[in-house]
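Please look over the sequence and the structure shown here before reading the notes that come after them.

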Amino acid sequence: MAGYYDIVLGLIPVALLGITAALTFVGLSVTTAIPAGAFVAMALIGHAMFVNAPVDSAEDVQSTHQPLNAD
């Protein structure tokens, strides 16, 4: 089953190429369509890195244990 990050990795080229092609087909120039597609791809990358960031499972396991020298 595809996870969130697999979907994001698949959507990056789809957004870049698909939005660029769609905007070019609508009548915008390629010079305008490419930055628009790149902005959407950049937004996907930013969301995956900062909004829904991957968590290290080792930190979760260590945070449940009490420190050794706790009084």
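The briefing below moves from the whole chain to single residues.

This is a predicted model, and its protein chain holds 3 helices and 0 strands, which follow one another along the sequence in the pattern α-α-α. Of the 71 residues in the protein chain, 10% are buried.

**The chain as a whole**

- The protein chain exposes about 5,700 Å², and 71% of that area is supplied by carbon and sulfur atoms.
- When contacts in the protein chain between residues at least 6 apart in sequence are taken together, 53% of them join residues that are at least 24 apart.

- Y4 belongs to helix α1 and counts as partly exposed, because its relative accessibility is 30%, a value that lies between the 20% limit for buried and the 50% limit for exposed residues.
- Y5, at 32% relative accessibility, likewise counts as partly exposed.
- The count of aromatic pairs comes to 1, and this pair is made by the rings of Y4 and Y5, whose centres are 5.0 Å apart and whose planes stand at 80°, so the pair is edge-to-face; the cut-off for that class is an angle over 60 degrees.
- Leaving aside residues up to four places away in sequence, Y4 touches H47, A48 and N52.
- With H47, the side chain of Y4 makes a polar contact to the side chain at 2.5 Å.
- Y4 and A48 are separated by 44 residues in sequence, whereas their C-alpha atoms are 8.4 Å apart in space.

**T20 in helix α1**

- T20 is found in helix α1, which covers residues 4-26, and its relative accessibility of 12% is the reason why T20 counts as buried, since the limit for that class is under 20%.
- The side chain of T20 reaches the backbone oxygen of L16 at a distance of 2.5 Å.
- Residues touched by T20, not counting those up to four places away in sequence, are A15, A33, I34 and G37.

**I45 and the nonpolar surface patch**

- I45 lies in helix α2, which covers residues 30-51, and at 35% relative accessibility I45 counts as partly exposed.
- Together with M49, F50 and V51, I45 forms a nonpolar patch on the surface, and these four residues have about 440 Å² of accessible area together.

**Points to check in the viewer**

- Which residue's side chain makes a polar contact with the side chain of Y4? The partner is H47, at 2.5 Å.
- Is T20 buried or exposed? T20 counts as buried, with 12% relative accessibility.
- Which residues form the nonpolar patch on the surface? The patch is formed by I45, M49, F50 and V51.

Technical notes
Residues are numbered from 1 along each chain as its sequence is written. This is a predicted model: local features need pLDDT of at least 70, side-chain atom pairs count only at pLDDT 80 or more; totals for chains, interfaces and linings use all residues. Side-chain values use heavy atoms; hydrogens and water are left out. Patches are made of residues with over 30% relative accessible area and no salt bridge: like charges are joined within 9 Å, nonpolar side chains (Val, Leu, Ile, Met, Phe, Trp, Tyr) within 5 Å. Accessible areas come from the Shrake-Rupley method with a 1.4 Å probe; for residues, only the protein chains shown count as cover. A salt bridge is a side-chain nitrogen of Lys or Arg within 4 Å of a carboxyl oxygen of Asp or Glu. Helices (H or I, at least four residues) and strands (E, at least two) are DSSP runs, numbered from the N terminus. Buried means under 20% relative accessible area, exposed over 50%, partly exposed in between (1.4 Å probe, protein chains only). A polar contact is a pair of N or O atoms within 3.5 Å; within protein, one must be able to donate a hydrogen and the other to accept it, and residues adjacent in sequence count only if both atoms are side-chain atoms. Contact means heavy atoms within 4.5 Å. Rings of Phe, Tyr and Trp (its six-membered ring) pair if their centres lie within 6.5 Å; planes under 30 degrees apart count as stacked, over 60 as edge-to-face and the rest as tilted.
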